[in-house]
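Please consult the sequence and the coordinates alongside the text.

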Amino acid sequence: MAASPAAPPAARVAIVGGGLGALLAHSALRFLGLDAGDVLVFAEHADPVTTYRAHAWGVGQTVVQTDPLGHFLPADWPTPRVLNALARGGSGGTVSVADMVAQARAVARRSGYAGSVVPARVGEVVRARDAHGAYFGLYDENGALMGLARHVLVAVGHGPQALPEVLSAARTHPLLRDRVVHAYEPKRYAAGGRYIVVGGGLAAVNEWVNCLDAGAECIAVQRTAAGQEDLTAPRCLFEALGIDAYQGVSAPDRLRVRQRVLRSATAASTGWHRRISEAIAAGRFREVVGEITRVAPGGEGVVAACDLRGGGSTGDLHVTGITSATGFDPDPAHVPLLARLIARYAPPRVGPRLALAPNCGVPGVDMPDSRLCVTGFHAVVAVPHADTLAGLKYVARRFAEDVMRAEGTPRRGPLGRVRAQAACVRAAVDELRRTPAA
Ligand SMILES: Cc1cc2nc3c(=O)[nH]c(=O)nc-3n(C[C@H](O)[C@H](O)[C@H](O)COP(=O)(O)OP(=O)(O)OC[C@H]3O[C@@H](n4cnc5c(N)ncnc54)[C@H](O)[C@@H]3O)c2cc1C
């Protein structure tokens, strides 16, 4: 790979996407010894917390679901709770979204993340080869070459938000657009209002509580009565032995295991349980097990109806609004960059998802000396918790180790790593001291 002064930027590694996964990969590479100039981060936002904060703000999330390994420091310890304790004394308490943002920004500053950022949206990643070996060209949406790199990590986050068809259709109606919202959109519940929340995962439970806390009534519509997703629950699956066992079965079986484990986990904290139980007793919370089938403008704003799982229908439900906590679209073909990758290289898929190799490589394009990997939401076939902080970190570290091996670059020595970690801890503690405790 040769670059002239007029050519687009070239580096050993390019990370596509400027969110938390990108930050974790950047800091893992820096920790092992690459310079900030060896890594380009093609990002829509220079601040890596921008998209995460928008999502958390949308669902009204204030407390982070922490896995002890789900944090931004390059080494495993200290955990977010210990960092909080170091910064503010006491036992560390709960870890808030603001705490995680403070920690992320401190690590980004220490590792020179901003210096690696190329402010751009990548449209396509294309395999190329010259006398120096294999590499990738990164192109914008118009096909203009933006950069070159030997290794690429695609960290573009979630796809579009998934909405049941009946709600998607309702949002095209001018009287319903502002009343039928996705959980990750900014929204306000009115005191005295009545809202339907569709979905049974963590985001749905969060919305039930937001709705009740605002003094509104909540009708929770979910397909099954039992269980809510929890990002932290299936811990055994999220550790080395669990990940190995997961990768030991076929890709379709992996998705089945993941679905079963997530479904059987419970999300609600004691505080949430208490608020929901009180609301049930006060007649402010009801559960409907079934599917929402009809949505139209109504006297109170919206009139909806659900088919019940056990048969029959709810009849007309007059509500102020509907929140759909139905997650993200799992089909990578609905993400332009991944759609082009699929069109060009036809990598294997399981259902709609990419059947990535255990090391998150894209089969058919990825090579040991020129890696093309995917992390995050679109990598859960390879790593069960790839869409959590702990999983993003696992993928980041593995990718960084592979890159160092491929580049033949000596890893930073133990003393250097301890110094780098200590500098990040100090920066995070300073930042946390400036952040009000939750
Ligand atoms: C509401 C919510 C709360 C969550 N809370 C937790 C939690 O408490 N604990 C936990 O472990 N996990 C949590 N997660 C899951 C996960 O850790 C976060 O979603 C995390 O932000 C994912 O990081 P990411 O880098 O994959 O995606 P993101 O942080 O979303 O970043 C992706 C970035 O890529 C950019 N991008 C996309 N396409 C391109 C392109 N073509 N070119 C350039 N840039 C592009 C986007 O602009 C975006 O900034 C939560 C998720 C959500 C939605």
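In which loop does Ala-346 lie? Ala-346 is found in the loop between H11 and strand E14 (349-350); helices (H or I, at least four residues) and strands (E, at least two) are DSSP runs numbered from the N terminus. The model is a predicted one, in which local features need pLDDT of at least 70 and side-chain atom pairs count only at pLDDT 80 or more, while totals for chains, interfaces and linings use all residues. Residues are numbered from 1 along each chain as its sequence is written.

**Backbone features**

Most residues other than glycine have a negative phi, and most peptide bonds are trans. Ala-346, which comes just after H11, takes a positive phi of about 45°. Ala-346 is exposed, because 10 other C-beta atoms lie within 10 Å. On this scale, a residue is buried if 20 or more other C-beta atoms lie within 10 Å of its own, exposed if 12 or fewer, and partly exposed in between, with C-beta atoms placed from the backbone. Cys-360 also has a positive phi, near 70°, and lies in the loop between strand E15 (353-354) and E16. Cys-360 is buried, since 28 other C-beta atoms lie within 10 Å.

| Residue | Phi |
|---|---|
| Ala-346 | near 45° |
| Cys-360 | near 70° |
| Gly-408 | near 65° |

Gly-408 follows H12. A cis peptide bond, with omega of about 5°, joins Trp-77 and Pro-78; Pro-78 is in the loop between helix H2 (50-59) and H3.

In helix H11 (residues 336-345), the residues Leu-337, Leu-338 and Leu-341 are buried. These buried residues fall within an arc of 95° seen down the axis of H11, so they line one face of the helix; the arc is that of the directions from the helix axis to the C-beta atoms. They pack against strand E1 (10-16), strand E4 (124-130) and strand E6 (145-154), where contact requires C-beta atoms, placed from the backbone, within 7 Å.

Helix H12 (residues 389-407) has 19 residues and reaches 27 Å from its first C-alpha to its last, close to the 27 Å expected at 1.5 Å a residue. The expected span is 1.5 Å times one less than the number of residues. Among the buried residues of H12 are Leu-392, Tyr-394, Phe-399 and Val-403. The buried residues of H12 pack against E1, H1, E6 and strand E16 (372-374).

The buried residues of H13 (residues 414-433) are Ala-420, Cys-424, Val-425, Ala-427, Ala-428, Glu-431 and Leu-432. They cover an arc of only 165° around the axis, which puts them on the same side of H13. The face turned away from this buried side carries the exposed residues Leu-415, Val-418, Arg-419, Ala-422 and Arg-433. The cover over the buried residues of H13 includes helix H1 (20-32), helix H3 (80-88) and helix H4 (97-110).

The axes of H3 and H13 come within 9 Å and cross at roughly 65°; axes are lines fitted to C-alpha atoms, for helices over the stretch in contact, and angles run from 0 to 180 degrees between N-to-C directions. In this crossing, Leu-83, Asn-84, Leu-86, Ala-87 and Arg-88 of H3 meet Ala-428, Val-429, Leu-432 and Arg-433 of H13.

Terms used. Two residues are in contact if their C-beta atoms, placed from the backbone, lie within 7 Å.
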